[in-house]
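Good morning, colleagues. Please have the sequence and the coordinates open as we proceed.

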Amino acid sequence: MNGRTRTVKMKSPVMERNDRIAEKNRMILDQAGLLGVNLMSSPGAGKTTLLERLAERLGDRLAVIEGDVQTTRDADRVKKAGASAYQIETGGACHLDAHAVQKALSQMMPFGKTWKYLFIENVGNLICPGSYKLGDHIRVGMLSLPEGDDKIMKYPGLFSRIDVLLINKIDLLGHLRFDPARAEEECRGMNPSVEIFRISAETGDGIQEFISFLNGVAG
Amino acid sequence: MHELSLATEIVRMVAEQVPQGCVLNGINLSIGYLSGVNPDSLVFCLESVIPGRDPGDVRISVNRIPALLNCLECGSNYTTDDLYEPCPACDSLRRKVLSGRELTVDSIETVEIE
């Protein structure tokens, strides 16, 4: 080609469109007085079990957006435990993005008058969800004992970006070679202001402390 | 990360900026060392999803941005391309990331069609 060349300056962040939608989501949550929580972990770490425990204690104050590749299993479990739930089936996407959450929020309107907490259970995945803002107020990462205490350093994208680390299945301490102090130290090293709670979604241990923390943020 | 969906988004953003009567010739990206993006993988995916062009028709350049970290122990700032590098002044691993997570389309090159 012999035509004239032109450079077009852009300086555009690739995540800009997602982040703009995330801001709109956040405004919707703020206007409704809802505390938005993005809950992330690998598959099987205990996110849904935690939500069942929270549903038992919070009842109609809790609403949940469930994100999975397929099935409504998780939304069904949460509803059975007493909270409102809306299921997103991504059909293949490995994470939720702001657009998916925006669609879910519009489907959930009008919001329940009793709702106070809006948890978003992300797709089970330690890599991709950490990169997508959803419009939540708090990002929670969960690591469970069977996964091993060496995983924090292996997945820095997520664990350096979260506000809260939940170390789950703490009831298995003593049965597994997991050193909570090691995991906590590594997380604080890459994320100095992170809040850390050792919990068992199965037994309920530590759940009240986590709820108190959420209430402190909600104000 | 999933470089393919990033590539698809980049193509969408870039398509809006190509002036009338021109075709895309090049894309100039900045990728921070802590962005979680693999540049080789992203370039490979871009070459696959740019519509109507053969790989190699559109030159993709990547500017790597080092991370700027602030040591929380001694307060000094240092640049690195490795998140696990301790503070060169005091060897601490307690630090805050000031920059290095960027993923931006800086500019595009276009050429007028004859």
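Predicted model: local features only at pLDDT ≥ 70, side-chain atom pairs only at ≥ 80, totals over all residues.

Glu112(B) and Arg4(A) form a salt bridge, with their closest N and O atoms 3.1 Å apart. This pair crosses between chains: Glu112(B) lies in strand β6 (residues 103-112) of chain B, whereas Arg4(A) belongs to the segment before β1 (5-13) of chain A. Side chains of opposite charge can pair when their charged atoms come close. A salt bridge also joins the side chains of Lys11(A) and Asp106(B), at 4.0 Å from N to O. Between chain A and chain B the count is 3 salt bridges, and over all chains the structure holds 12.

How many residues does each chain bring to the contact? Chain A supplies 30 residues and chain B supplies 33. About 2,800 Å² is buried between chain A and chain B, and carbon and sulfur atoms give 58% of that area. On the side of chain A, the residues that lose the most area to chain B are Arg6(A), Met10(A) and Val14(A), which together make up 25% of what that side buries.

Let me now turn to helix packing. Two packed helices are described by the angle between their axes and the distance between the axes.

In chain A, helix α1 (residues 16-31) packs with helix α4 (residues 98-108) at an angle of about 30 degrees, and their axes are 8 Å apart. Because of that angle, α1(A) is roughly parallel to α4(A). Their crossing is left-handed. From α1(A), the contact draws on Asn18(A), Ile21(A), Ala22(A), Lys24(A), Asn25(A) and Leu29(A); from α4(A), on Ala98(A), His99(A), Val101(A), Gln102(A) and Leu105(A). By class, the residues of this contact are 6 nonpolar, 4 polar and 1 charged.

In chain B, the axes of helix α1 (residues 3-15) and helix α2 (residues 39-49) come within 8 Å and cross at roughly 55 degrees. The two helices, α1(B) and α2(B), are therefore oblique to each other. Which hand does the crossing of α1(B) and α2(B) have, left or right? It is right-handed. Among the contact residues of α1(B) are Leu4(B), Leu6(B), Ile10(B) and Val11(B), and α2(B) contributes residues including Leu42(B), Cys45(B) and Leu46(B). This contact of α1(B) with α2(B) has 9 nonpolar, 2 polar and 1 charged residues.

Thank you for your attention.

Terms used. Residues numbered from 1 in each chain as written. Chains lettered and ligands numbered in written order. Heavy atoms only, no water. Axes fitted to C-alpha atoms, helices over the stretch in contact; angles between N-to-C directions. Helix = DSSP H or I, 4+ residues; strand = E, 2+ residues; numbered from the N terminus. Parallel < 35°, antiparallel > 145°, perpendicular 65-115°, else oblique. Left-handed = near helix turned anticlockwise from the far one by under 90°. Contact = heavy atoms within 4.5 Å. Nonpolar A, V, L, I, M, F, W, Y, C, P; charged D, E, K, R; others polar. Buried area = accessible area lost by both parts, 1.4 Å probe.
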